[in-house]
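Here is a friendly briefing to read with the model open beside you. Have a look at the fold first, then work through the points below.

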Amino acid sequence: MVGPVPHTAQRPIWLCRECQEPWPCEPARLELQMQFRNGKASLAAYMAGYLTDAIGDMIKLLPDPNPAPDSQALFDRFIAWTNPSLHPDGGDR
Ligand SMILES: [Zn+2]
């Protein structure tokens, strides 16, 4: 029996294996928030590791190093959602 495909990142393109959204997709975020529900700081640190990996992969994939990956967008995508107080707009509106 084959279970559902987990919402994990497909490297080096960093799209979800299941829904093809930029990873972490919404289900992946929910899953991670469940895993780290007692440690938001740990989740941020965990996602920072992925962010570092993703930037490394993106730099390798880009044919031209300019423009560099948008670090603000990547921060929002990987880190900001883990803690609304980190978000420049102060979280969801
Ligand atoms: Zn997904």
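The cover over the buried residues of α2 includes α1 (26-35) and α3. Here a residue is buried if 20 or more other C-beta atoms lie within 10 Å of its own, exposed if 12 or fewer, and partly exposed in between, with C-beta atoms placed from the backbone. Helices (H or I, at least four residues) and strands (E, at least two) are DSSP runs, numbered from the N terminus.

This is a predicted model, in which local features need pLDDT of at least 70 and side-chain atom pairs count only at pLDDT 80 or more, while totals for chains, interfaces and linings use all residues. Residues are numbered from 1 along each chain as its sequence is written.

**Overall layout**

- The chain has three helices and two strands, arranged along the sequence as β-β-α-α-α.
- Of the 93 residues in the chain, 13% are buried.
- Among contacts with a separation of 6 or more, 37% are between residues 24 or more positions apart; two residues are in contact if their C-beta atoms, placed from the backbone, lie within 7 Å.

- Helix α2 contains 22 residues and spans 31 Å from first C-alpha to last, close to the 32 Å expected at 1.5 Å a residue. That expected span is 1.5 Å times one less than the number of residues.
- Leu 43, Met 47 and Ala 54 are the buried residues of α2. Viewed down the axis of α2, these buried residues fall within an arc of 20 degrees, so they line one face of the helix. The arc is that of the directions from the helix axis to the C-beta atoms.
- On the face of α2 turned away from the buried side you will find the exposed residues Ala 41, Ser 42, Gly 49, Thr 52, Ile 59 and Lys 60.

**The nonpolar core**

- The largest nonpolar core has seven residues: Trp 14, Cys 16, Trp 23, Leu 43, Met 47, Ala 54 and Phe 78. Helix α2 (residues 40-61) gives the largest share of this core, three residues.
- A nonpolar core is a set of buried Ala, Val, Leu, Ile, Met, Phe, Trp, Tyr and Cys residues joined through C-beta atoms within 7 Å.
- In soluble globular proteins, nonpolar side chains tend to be buried together.
- Met 47 is in contact with Phe 78, Ile 79 and Thr 82, leaving aside neighbours within four places in sequence.

**Arg 77 in helix α3**

- Arg 77 belongs to helix α3 (residues 71-78). Arg 77 counts as partly exposed because 18 other C-beta atoms lie within 10 Å.
- Arg 77 and Leu 51 are 26 residues apart along the chain, and their C-alpha atoms are separated by 8.8 Å.

**Backbone details to look for in the loops**

- Most residues other than glycine have a negative phi, and most peptide bonds are trans.
- Arg 11 and Pro 12 are joined by a cis peptide bond, with omega about 5 degrees. Pro 12 sits in the loop between β1 (9-10) and β2 (15-16).
- The bond from Trp 23 to Pro 24 is also cis, with omega near 0 degrees, and Pro 24 is in the loop between β2 and α1.
- Trp 14, in the loop between β1 and β2, has a positive phi near 60 degrees. Trp 14 is buried because 20 other C-beta atoms lie within 10 Å.
- Gln 20, in the loop between β2 and α1, has a positive phi near 65 degrees. Gln 20 counts as exposed because it has 11 C-beta neighbours inside 10 Å.
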